[in-house]
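Here is a short briefing to read alongside the model. Keep the 3D view open and follow the topics one by one.

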Amino acid sequence: MSRLRRLGIDEIALRKGHKDFAVVLSDLDTHRLIGMAPARTHAAIEAVLNTWGAEVLSNIEEVSMDLSGNYRGLVHRLMPQAEIVADRFHVMSLVNQELNQARNALRRTPEALAEGVTPEAAKAALKSSKYALLKPEAHLTKTQQDKLVEVKAVSPKLALMHQTKEAFRTLFEAQSWAQALPGFLGWMGTAQSLYPEAVATMKRWFGEILQYFEHRTTSGVVEGINTRLKLIKRSGYGFTNFERFRLRCLICWHFSPAAA
């Protein structure tokens with residue numbers, strides 16, 4: 001723990017369909033789970049962090065998190081020296097979520113369609129179109145490519161949103177924050193009317209988003225740990241006692257049968 005430099009903060013649902021979440025704390029360098037809090041409240045998370053001691057917290061240089069906004073203030077207070085990095089995949093998901101919301105709205109109430117397109121034809125084109133719109137265009141299968149062509153033909157708005165989404169994806173190819181800065185500012189200006197919610201969130205997290213280009217940290221490690229935690233939860237058919245679940249999870253990363 002004394003060597004902890006890069007901390008990942010995320011969350012996992014304790015019970016499907018409920019609002020019970022545990023906060024997952026990970027060492028991004030060793031790819032290990034190092035702590036869990038029983039709730040998303042600052043008090044619950046701080047109680048865990050305080051057990052690590054001030055020396056450990058003062059040595060943390062970077063904290064990676066999503067854009068929920070729940071943990072940023074806590075990190076600033078307990079680890080003021082740490083840089084907060086907004087995960088690029090969560091940033092991209094903001095755009096994808098809003099694009100999918102527009103797709104669903106158009107499926108329910110077809111409007112502003114291309115000339116000559118009927119509502120029935122629009123609904124047929126939009127059926128099973130989610131991944132054709134949301135996946136990177138370069139990774140689409142032939143079937144998905146054909147579906148994307150159908151969607152663009154019936155809805156000028158979705159066609160423009162898709163084009164804007166793909167343009168946003170390329171911004172992460174910048175080699176530095178200085179190189180990325182003009183692109184992000186320009187994109188937010190042109191995308192404001194198409195992606196108002198995503199742009200508003202990006203403005204609130206702009207500094208943390210640009211930190212990605214300094215650290216290149218992604219959620220890959222955290223997502224891998226979360227996947228394993230979900231397997232543990234399923235294999236135990238759920239856990240009614242959080243402490244037992246926490247210990248069961250920590251054992252997977254901190255107990256070596258060979259050493260025993």
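Does His 31 count as buried, partly exposed or exposed? With a relative accessibility of 46%, His 31 counts as partly exposed. Please bear in mind that this is a predicted model. The points below go from the backbone to the sheet, then to a helix and the aromatic rings.

- Most residues other than glycine have a negative phi.
- His 31, which is not a glycine, has a positive phi near 60 degrees, and its place is the loop between strand 2 and strand 3.
- Ala 112 is another non-glycine residue with a positive phi, here about 55 degrees.
- The loop between helix 4 and helix 5 holds Ala 112, which counts as exposed because its relative accessibility is 61%.
- Ser 128, which follows helix 5, also has a positive phi, near 60 degrees.

**The sheet and the helices on it**

- Five strands form an open sheet in the order 3-2-1-4-5, and their pairing is mixed.
- Strand 3 (32–37) and strand 5 (83–86) are the edge strands, each pairing on one side only.
- On average, neighbouring strands of this sheet are turned by 25 degrees against each other, direction ignored.
- Strand 1 (residues 6–13) pairs with strand 4 (residues 62–65) in the parallel sense, over three bridges.
- In strand 4, Glu 62 is the residue that stands opposite Arg 6.
- Helix 1 (residues 42–52) lies across strand 1, strand 2 (21–27) and strand 3, and runs at about 130 degrees to strand 3.
- Helix 12 (residues 220–235) also packs on the sheet, where it touches strand 1, strand 2 and strand 3. The direction of helix 12 makes about 35 degrees with that of strand 1.

**The buried face of helix 5**

- Helix 5 (residues 119–126) has Ala 122, Ala 125 and Leu 126 as its buried residues.
- Looking down the axis of helix 5, you will find these buried residues within an arc of 95 degrees, so they line one face of the helix.
- An α-helix has 3.6 residues a turn, so residues three or four places apart point the same way.
- Among the elements covering the buried residues of helix 5 are helix 4 (88–108), helix 7 (142–154) and helix 8 (156–170).

**Aromatic rings**

- The count of aromatic pairs comes to nine.
- One of them joins Phe 172 and Phe 184 edge-to-face, at 5.6 Å centre to centre and with 85 degrees between the planes.
- Phe 172 sits in the loop between helix 8 and helix 9 (177–191) and Phe 184 in helix 9, so this pair ties together parts that are 12 residues apart in sequence.
- Both Phe 172 and Phe 184 are buried.
- Phe 172 also pairs edge-to-face with Tyr 212, at 5.8 Å centre to centre and with 75 degrees between the planes.
- That pair links distant parts of the chain, 40 residues apart, with Tyr 212 in helix 11 (residues 206–215).
- Tyr 212 is buried, like Phe 172.
- Ring pairs join Phe 168, Phe 172, Phe 184, Trp 187, Tyr 195, Tyr 212 and Phe 213 into a cluster.

**Arginines over rings**

- Arg 88 lies over the face of Phe 89, 5.2 Å from the ring centre.
- Arg 228 lies over the face of Trp 253, 4.5 Å from the ring centre.

Definitions and conventions:
Residues are numbered from 1 along each chain as its sequence is written. This is a predicted model: local features need pLDDT of at least 70, side-chain atom pairs count only at pLDDT 80 or more; totals for chains, interfaces and linings use all residues. Side-chain values use heavy atoms; hydrogens and water are left out. Buried means under 20% relative accessible area, exposed over 50%, partly exposed in between (1.4 Å probe, protein chains only). Helices (H or I, at least four residues) and strands (E, at least two) are DSSP runs, numbered from the N terminus. The arc is that of the directions from the helix axis to the C-beta atoms. Contact means heavy atoms within 4.5 Å. Two strands pair if DSSP finds at least two bridges between them. Axes are lines fitted to C-alpha atoms, for helices over the stretch in contact, and angles run from 0 to 180 degrees between N-to-C directions. Rings of Phe, Tyr and Trp (its six-membered ring) pair if their centres lie within 6.5 Å; planes under 30 degrees apart count as stacked, over 60 as edge-to-face and the rest as tilted. A charge sits over a ring if NZ of Lys or CZ of Arg is within 6 Å of the ring centre and within 35 degrees of the ring normal.
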